[in-house]
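User: Could you walk me through reading a few features of this model?

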Amino acid sequence: MNASSSTPIVRSLQSTTAKNKRTTSFVITCALALLLVGFFIVRPSGVSGPAMRDFEAFYAAGATANAGADPYGRAIWQAERAIPGVDTSHDETLPFVGPPAELPLWRALALLPFSVAGRVWGAMLACTMLLTVFGTLALIRAPEEATIVLGAAIFAGSFGALISDVALGQIALFSTAAVVATLLLLRSRAWPVAALTSTLAAFQPNLCIVMIARATDLRALAAFGCGAIVFFGLMISAGGFDALGHYVHLLGVHGEAEKHTVIQITPASVALGFGAPDAVIAFVGYASLLVALVLGALAIFRIRDPIARVGIAVCVLPFVVPFFHEHDFVLLILPALYCAIHARGSTLAFSALAATLCGVDWLGLGQRPNAEVQSVVLATACALGFALLAQMRRAAFAGLIVPLVVVAVSLFARVHPVPIWPDALPLHWQGPANASVSALWGLEQRAAGLDTQDPVWAFLRLLSLVADALIGFALYRCLLDVDVHEIVERREGIGVKAL
């Protein structure tokens, strides 16, 4: 080929490259603009009480323990009522249900004024957010490209569960970051340090169990074993030798208190919300557990990549644990980012749809009817972030269907508003003086109307579980596609592309 004949081809390639850059720049600009609009222009008014509402219970538990009282009892209300922003005209006790192993952290923060402690915890959450997002990119061996990094930031910044974690000051994000750090350290063969991070991951017990899928070699087993020893050592030092038994009992009692409330997002709680009889609820709970475990185990045994195995375990988790809230879905960032980087063809389109569905706080559409516009804006930003992660492949824009779904769901969610604790508590409401803190919490949920059986509320929670199942299936299909492509590459002598 001579120079004259190659000139049109070169010019065509240059034109295509320039066009792609302009398109990418346009998508980035739109996504960033949507984030700004979502958080600063159409952001709804907040609820009453202090910022990072769940941090209130953590801080109060530390203050109660520092005062020599039981942080798991009614005494926690005395510390909570002293926090600025808490309405002391009625009883709105927020119980502490974290393991005793994390009490040293809250006791240390409780030595500071609440406003200062809140800033410190907020800074810690910001660091854990960065570790969760960019550590996950390293785990899945994403290409080191600015577009992908920016896409990950946009996707995570508009991801409903992560937003909830930050807004509530939830430790679920802290635990998720510790899971990611543990996986990174195990890959680097630094298992002694991984033992410490696995201990931190256990601060949210219902999330850290996904690391069982990573227990595939001696280093991982050693790390998890040593981490368990450290964790139980902290339990004993904070709560005595019977701390574990007391904590397991507390989880059972607290789970029973929340079993009928709308904030639980499990198959059994969804069936209860639809008004199913007790026998059907029990069947749904056990059947979903069995099916999820069987399908998850079959998928994990077929997968070679240990990170993908953890991703499958993440998707199985809401179907097997009895206690799961909206902010716990933050773990889904791992399988979503994995699919964005490695999925191809029709699987990529399916992944884009599933990942964007996971990014929507569906129950929030009922809890905050005044946030409908924000939800649509952030869902659009989430879809564009996924497309950037997937390097602007056409199929990656399939997630843009989801904002339309959000609009449709909002139309009937707005006429079935979900009450918010403690705003919905009756004026001057007081709980029985002889009730345990878990029983009191159940009474508060009932008084606020959170135990109402509304099919619309159940449907909103069902959407979260469906999105979780879809991203799990997308991840499995993605891994099968990768295996097929690796076989083709070997046959053609191209070489295997490492995950």
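User: Which helices do the buried residues of helix 7 pack against?

Analyst: The buried residues of helix 7 pack against helix 5 (114-139), helix 6, helix 8 (172-187) and helix 16 (333-342). Packing here is read from contact, meaning heavy atoms within 4.5 Å. Helices are DSSP runs of H or I with at least four residues, numbered from the N terminus. Bear in mind that this is a predicted model, where local features need pLDDT of at least 70, side-chain atom pairs count only at pLDDT 80 or more, and totals for chains, interfaces and linings use all residues. Residues are numbered from 1 along each chain as its sequence is written, and side-chain values use heavy atoms, with hydrogens and water left out.

User: Which residues of helix 7 are buried?

Analyst: Buried means under 20% relative accessible area, exposed means over 50%, and partly exposed lies in between (1.4 Å probe, protein chains only). In helix 7 (residues 160-168), the buried ones are G160, A161, L162, S164 and D165. Just after this helix, G169 takes a positive phi of about 70 degrees.

User: How do helix 6 and helix 19 pack?

Analyst: Two packed helices are described by the angle between their axes and the distance between the axes. Axes are lines fitted to C-alpha atoms, for helices over the stretch in contact, and angles run from 0 to 180 degrees between N-to-C directions. Helix 6 (residues 146-157) and helix 19 (residues 372-389) pack at about 155 degrees, with their axes 7 Å apart. That makes helix 6 roughly antiparallel to helix 19 (the label for angles over 145 degrees; under 35 is roughly parallel, 65 to 115 roughly perpendicular and the rest oblique).

User: Which residues make that contact?

Analyst: Helix 6 contributes T147, I148, G151, A152, I154 and F155, while helix 19 brings A381, C382, G385, F386, L388 and L389. They divide into 9 nonpolar, 3 polar and no charged. In this scheme Ala, Val, Leu, Ile, Met, Phe, Trp, Tyr, Cys and Pro count as nonpolar, Asp, Glu, Lys and Arg as charged, and the others, Gly among them, as polar.

User: How many disulfides are found in the whole structure?

Analyst: A disulfide is a covalent bond between the sulfur atoms of two cysteines. The test is a pair of cysteine sulfur atoms within 2.5 Å, and a search of the whole structure finds 0. For C382, the nearest cysteine sulfur, that of C358, is 8.8 Å away.

User: Is C382 buried or exposed?

Analyst: C382 is buried, at 0% relative accessibility. C127, by contrast, is exposed, with a relative accessible area of 53%.

Terms used. Helices (H or I, at least four residues) and strands (E, at least two) are DSSP runs, numbered from the N terminus.
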